[in-house]
Amino acid sequence: MPNKVVSLGFFVIFSLAVLPLPLTSAQEEKQQKNQFRQLSQELPTPNQYRTASGAPGPEYWQQRVDYEMSVELDEKIQRLSGEETITYFNHSPDSLSYLWLQLDQNIREKNSLAGEVSADRISDPMNVMMLQRLHNDFDGGFKIEWVKDENGNELSYKIVDTMMRVDLPKELKPHSEYSFRIKWWYNINDRQKTHGRSGYIYYEEDGNYVFAVAQFFPRLAVYTEAQGWQHKQFLGNGEFSLPFGNYTVLITAPADHVIGATGTLKNPEQTLTSEQRDRLSRAEDSTQDTILIITEEEAVQNEKERSEDKKTWIFEAENVRDFAFVSSRKFIWDAMAVKFGNRTVLAMSYYDKTGNPLWERYSTKAVAHALKVYSKFTFEYPYPKAISALTARGGGMEYPMIAFNGGIPEPDGTYSERLKYSLIGVIIHEFGHNFFPMIVNSDERQWAWMDEGLNTFLEYLSEQEWDRTFAQRSGPAYTMTGYMKGEKKYMSPIMTAPDADMHVGSNAYAKTAAGLNILRETIMGRELFDSAFKEFAQRWKFKHPMPADFFRTMEDASGIDLDWFWRGWFFGTDHVDIAIDNVNWYKINTGEPTLAKTIQQEQENRLRERYISNIRNKKEIRETAMEKDKSLLDFYDEYDPLEVTPQDEDQYKKYLESLTEEEKEILNAGYNYYEVSFSNIGGMVMPLILKFEFEDGSEEVKRIPAEIWRHTNDHTQKVFAFKKEVKKITLDPFLETADVEPINNRWTVQEKPDYFEVRKFPGRSEKNLMQQVIDMTEPEKKEKKN
């Protein structure tokens, strides 16, 4: 019994000792600012569907939706009508009493939510297109004629702006399927007058159209274990969230139209000429050069025709999340092969004559290049074809196996270097979306960065493999400096939904890509990053990943705790990574006339010699006016600027007389001053431990308390004075502060120092500059006396 009492007493005392005391509000605030706290609160709890490693769990499931549809394109009235049979496979453990469908064309209805909440303003001058949109009376949106079950019975449905709920006659049980039918039509928008990812372009000079048709049918929304139905309204920026399925699509169009679409053409004998089929066959063996399926001459002749007949093209696509197509009689068509083992993928382009010579030279080869590079970093491209189609003057949009792209040269065929790289870049980017999100199928409506950012990152890698001097619009970290130093009150974290982010381009595209490059080049290294990134892509291809799945997979596959990075870069807060940004090496300009004038002259010469215009002028200007005509010379051209005048001597004498003996000693001691700039990249403040290595081989360690960050958490400066010249500075030399990125913690000496002057400012209440210099050298001076 006594032993038990003693044991219990010890236990009670020990427990009391370790029980945490309640945090004060100030302590709680400080804890919340600790950038190294784990993301446990921000990320969803792992479960049997999505594991803590970032992989799909043992009970992961996703829905499937198959479509069989027939659509007809009426060129005369620019209208598309269709009927579809949708088969919904409920793989979830839930019973569903209704299904939600997306009606994206409804964004063009006159009273759509997107239009009502769009902020407008008048500018002077006013953009014509913006004014047209204010007066737009386009009758857009889906016209749903009926929704029926397989037996022809009407189904109840409710349209809510860009979403439609179809009520089922009875619950759809888990692991069962349900088929129903919809008939609809809509007016196709003129892309020159109304903003949109799809629509038509009208060529007034020949009366022809190029139709880029997408979001053209009622499509099922995604249903997941994480959030149920994804039925957030389509407002414009937040793109799409779609389930995978199989498609059979019959497209009826004017008989002289050429159609490029998602999927495999199943009736080439009825739609292509024998010569076109032969050329396609040749293209399947051509891995170096493009083969013209329809030449420019044939396209020009074709666009003159106006067939009254119709032709139906049949396409089938397996395991895709969407379907899109282009249709016109103006198309030139070329193709080439990309080999993946024994499998051939046809890269191809559809474009009219206004795209040449740019398109015939670069489009298909840019697609082929993207296929190879993206596959190297993720997985082999699984589909049979890859299309780039010219559908606008600029911009682009992506769909499975096909991308709508813009970019055309001047009417005379000339083009700028910027346009060339812009076109190649947009083709790589838009087709790259076939990997993200067409295959790694993230929710674009909520997390634009998961497709735009990851894709922009891979676009950058592809562009570097295209040309070493490729214009670097997005990717490198330095491209983000202008945006990131802007007004914070106008910024949102990357994790912000795109429709709520006023800088979605900077955040979802550029900042995400830059962050991934920092991980790859600086924090993780290429080998670890590439293997982890590929692991994520392969884990989640043909599935629906969420942000936590990406974050966790990158850590799980690399063995590196990156929570600080996700918090700082993606959630809008920072991490712990203190960097030596810059070191300026100075010496004192003592004011001695000869030295002062020499320093001034050297500094002026150094700036003059470095200026690019002066460098070029040395070669291009053979002789100046003054070199030709000596009569132009005067006193200022002939005197010695380094000559010391009596006035200089007198001024220096007075300056010395104003100094104390202690100040004179400092002035002439020959100290080296190192102004070290630090940035707290991560956000977590730390003491600054600095090892200085000198030219004579000696070392000295300086320890600066963390309070140096008290005024600004993100940057600070400190000046160090030494008699000896520093060769190298290392931050955190003993790995004391858990700094995750040592590569930015070193500095080595530059060639020459800069100089600064020292002046006394009598009458000021604060320390004068001379006293500050004395203070900086005081520790070393005391050591000497000791």
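This report walks through a predicted model of one protein chain, from its overall make-up to some individual residues.

**The chain as a whole**

The protein chain holds 22 helices and 31 strands. It has 786 residues, and 49% of them count as buried. The chain exposes about 39100 Å², with carbon and sulfur atoms supplying 50% of that area. If you take the contacts between residues at least 6 apart in sequence, 75% of them join residues at least 24 apart.

On the H10 side, the contact is made by Trp-449, Met-450 and Leu-454, while H14 brings Pro-547, Phe-550 and Phe-551.

**Salt bridges**

Side chains of opposite charge can pair when their charged atoms come close. In this model, a search of the whole structure finds 34 salt bridges.

| Salt bridge | N to O distance |
|---|---|
| Glu-145 and Lys-183 | 3.6 Å |
| Arg-165 and Asp-167 | 2.8 Å |
| Glu-535 and Arg-539 | 3.0 Å |

Arg-165 counts as partly exposed with 26% relative accessibility, and Asp-167 is partly exposed with 22%.

Glu-535 and Arg-539 both belong to helix H13 (residues 526-540); because they are 4 residues apart there, about one helical turn separates them. Glu-535 is partly exposed, with a relative accessible area of 30%. Arg-539 has 16% relative accessibility, so it counts as buried. Elsewhere, salt bridges with shared partners join Asp-104, Arg-219, Asp-322 and Arg-445 into one network.

**Buried residues and their contacts**

Which residues touch Val-367, leaving aside its neighbours within four places in sequence? They are Ala-347, Ala-386, Ser-388, Ile-427 and Phe-431. Val-367 itself is placed in helix H8 (residues 358-377), and its relative accessibility of 0% makes it buried. Leu-346 is 21 residues away from Val-367 along the chain, and the C-alpha atoms of the two are separated by 9.7 Å.

Thr-730, in strand S29 (residues 726-731), is another buried residue, with 13% relative accessibility. Apart from neighbours within four places in sequence, Thr-730 is in contact with Ile-689, Leu-690, Lys-691, Glu-693, Asn-745 and Arg-746.

**A nonpolar patch on the surface**

Turning outward, Leu-113, Val-117 and Leu-235 form a nonpolar surface patch, and together they have about 220 Å² of accessible area. Val-117 lies in the loop between helix H3 (113-116) and helix H4 (128-134). Why does Val-117 count as exposed? Its relative accessible area is 52%, and exposed means over 50%.

**Backbone details to look at**

Two cis peptide bonds are worth a look on your screen. One runs from Asn-356 to Pro-357, with omega near 10°; Pro-357 is in the loop between strand S20 (343-351) and H8. Another joins Phe-436 and Pro-437, where omega is about 20°. Pro-437 lies in the loop between helix H9 (417-432) and H10.

There are also positive phi values in residues other than glycine. Asn-319 has a phi of about 55° although it is not a glycine; its place is in strand S17 (residues 310-320), and it is partly exposed at 33% relative accessibility. For Asp-732, phi is near 55°, again a positive value in a residue other than glycine. Asp-732 lies in the loop between S29 and strand S30 (746-748), and at 5% relative accessibility it counts as buried.

Notes. Residues are numbered from 1 along each chain as its sequence is written. This is a predicted model: local features need pLDDT of at least 70, side-chain atom pairs count only at pLDDT 80 or more; totals for chains, interfaces and linings use all residues. Side-chain values use heavy atoms; hydrogens and water are left out. Patches are made of residues with over 30% relative accessible area and no salt bridge: like charges are joined within 9 Å, nonpolar side chains (Val, Leu, Ile, Met, Phe, Trp, Tyr) within 5 Å. Accessible areas come from the Shrake-Rupley method with a 1.4 Å probe; for residues, only the protein chains shown count as cover. A salt bridge is a side-chain nitrogen of Lys or Arg within 4 Å of a carboxyl oxygen of Asp or Glu. Helices (H or I, at least four residues) and strands (E, at least two) are DSSP runs, numbered from the N terminus. Buried means under 20% relative accessible area, exposed over 50%, partly exposed in between (1.4 Å probe, protein chains only). Contact means heavy atoms within 4.5 Å.
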